[in-house]
Amino acid sequence: MGSVSLHPRHVGRTVLALSLALAAWTGVAAAHTGGLSGATRDPLAVPTWLFLLTGGGVVGVSFLLASFVTDRRLVAAVHDWGRRLPSPGRALRILARVVAVGLLALTVAVGYLGPATGVRNLAVLVVWVAWWGGYVASTYLFGNTWPALSPFRAVAESLPSLDRPYPDRLGAWPSVAGLLLLVWVEVVTPLADDPRLLATVLVIYTTVTLAGTVVVGVDDWFDNVDPLAHAFRLYGRLAPVGGDDGRLHLRLPGGALPDTALRGRDDVAFVVTLLFVTTYDGFVATGLWASVVRAVAGAGVPPLAVYFGAYLGGAGLFYLAYRVASRVGRRRAETYLSTDYLARRFAPALLPIAAGYHLAHNLGSVFVLAPTLAAVGAAPLSPPASPPQLAGLPSWFGGLELAFVLLGHLLAVWVAHATAYDLFPSRLQAVRSQYGVTAVMVGYTMLSLWIVAEPYVTPPFIAS
Amino acid sequence: MTDPTPTPDPNVDTHVPPDATAHVCDRCGRPFVYETHLALHRGLDHADDLTAEEREAFEAAHEEEVADLRRFRLLALAALVILYFGFLMTYAVVT
């Protein structure tokens, strides 16, 4: 730092003022939007355009506030903070794997043999409540335990391998395709209601995974092809517990993200697709989409083709938007760092947003259906006729969900800020380099809030 | 619990247009658009072995940066005020 001096008192004041201001702003926003999630029910609520503008404004303001933190050492200190953790023993790891494989076998068996109603079948509850709602949240709230717990990996590692070389030019693109395929199946089929179908999908997934690992080897498969492993690995970078050189570390949530450079465009596309699939899932349940798909299908196009076209087109548009944002950032920062490199460095900042939405979407149903899971789990083959579930969630829970979304966005803005400080020698350059990615975040927030504010319309023509 | 793949990239990926003259760091080879950026980079990333001249250049660039930052802060503050009162009035009118 040469002769540049640090003024701790000054910094302290700035940080205090900043956190107060942030708290005030988030308080205002949460209060407004909290009352607004039911905008369609309450005729006195704020109009949608103002709701969207407020959401976008909060993200923009948090960017401006973050730009006031100009002390390099402070920015670096926040994400360098860390502690060592003891590693779990070998016996514990083996036990966890045995349990995981047993659970997978039980899930598939009950999926076929148990009752045909979704909410009474343990397979549906284990996959959607325990795994998708609860476990997935643990990968970004705690740490990526999937490599240790994945039953697929456990079985794959005990199989012989042909060790054919993985074609490097494919990169991680197969995982992008895999993610798109999995979510496509989830959107167009009643995967959450039909246990037989769910069990079949599980069997297909297991077969494909095991065949793939036998051909190209376990590590290459889970690093490049398997979408679940890829998603959890990225979420794990956001989590407070992480592993480097085989040891466990405790760090601040998101603390590892500014140091994360994704490997290439394939990884960037994966992160963007992770955000896109959430949006698509919500978008097909809006009135706008219902009328569009009815009109186009009325013109003779097969409805499923309309869904699929919008799906791939939307994913492409999302990627393109992020790409343009990286180019804008590069031009505004006046740097010779390549657009590709900037895209790879700033994409991890989008992960907290994806995590925030995941938590907001799923936490409620995890709580409501936890008693169901316990009751059905006690007698998987003869569950109670109407298993118990939580009667309802307190009214403040909606506010909590919005707080998760907001928290994800604030963390994203901060990660982008720290990344920019890591990349550029001039702090003004660092601020300007974030214009593109901030615009993307503002746009994404407004789009997502619009989807939340729209009344739910059952997607026409598909069975989900 | 390992997360092996996304590690910090040791090779910063750069692209200099053919018709541009870049200011290249003689220690790590990273090119910069402006000489002040190079001076700042040297002072931040190679602080241990600066010549007196380079240190002077760094300090000058740093002072300039601080002045620019101050100007930016004023603009950012103005933007915050406009946003705040903009929303305040909009909410007052609409609700």
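Reader: Thanks! Which residues touch the most other members in the largest nonpolar core?
Author: They are A:Tyr235, A:Val271, A:Leu275, A:Leu350, A:Leu351, A:Ala412 and A:Val413, in a core of 108 residues. A nonpolar core here is a set of buried Ala, Val, Leu, Ile, Met, Phe, Trp, Tyr and Cys residues joined through C-beta atoms within 7 Å. A residue is buried if 20 or more other C-beta atoms lie within 10 Å of its own, exposed if 12 or fewer, and partly exposed in between, with C-beta atoms placed from the backbone. Keep in mind that this is a predicted model, where local features need pLDDT of at least 70, side-chain atom pairs count only at pLDDT 80 or more, and totals for chains, interfaces and linings use all residues. Residues are numbered from 1 along each chain as its sequence is written, and chains are lettered from A and ligands numbered from 1 in the order in which they are written.

Reader: What is A:Tyr235 in contact with?
Author: Setting aside neighbours within four places in sequence, A:Tyr235 contacts A:Thr139, A:Tyr140, A:Asn144, A:Leu351 and A:Ala355. Two residues are in contact if their C-beta atoms, placed from the backbone, lie within 7 Å.

Reader: How many residues does each domain bring to the contact?
Author: The centres of the two domains of chain A, taken over C-alpha atoms, are 24 Å apart. Domain 1 brings 39 residues and domain 2 brings 36. On the domain 1 side, H16(A) gives the most, with 13 residues. That side has 27 nonpolar, 8 polar and 4 charged residues. Ala, Val, Leu, Ile, Met, Phe, Trp, Tyr, Cys and Pro count as nonpolar, Asp, Glu, Lys and Arg as charged, and the others, Gly among them, as polar.

Reader: New topic: how many residues does H14(A) have?
Author: H14(A) has 31 residues and reaches 45 Å from its first C-alpha to its last, close to the 45 Å expected at 1.5 Å a residue. The expected span is 1.5 Å times one less than the number of residues. Its buried residues include A:Tyr307, A:Phe318 and A:Arg330. The buried residues of H14(A) pack against several helices of chain A, among them H8 (173-188) and H19 (435-453). Just after H14(A), A:Glu334 has a positive phi of about 50 degrees.

Reader: Now chain B! How many of its residues are in contact with chain A?
Author: There are 39 residues of chain B in contact with 46 residues of chain A. H2(B) gives the most to the chain B side, with 16 residues. By class, that side divides into 21 nonpolar, 10 polar and 8 charged residues.

Reader: What is the mean pLDDT of chain B?
Author: It is 85, and 88% of the residues of chain B reach 70 or more. pLDDT is the predictor's confidence in each residue, from 0 to 100. Over residues 1-9 of chain B the pLDDT is below 50. The model scores ipTM 0.84 and pTM 0.86.

Technical notes: Helices (H or I, at least four residues) and strands (E, at least two) are DSSP runs, numbered from the N terminus. Domain bounds come from an automatic or database domain assignment.
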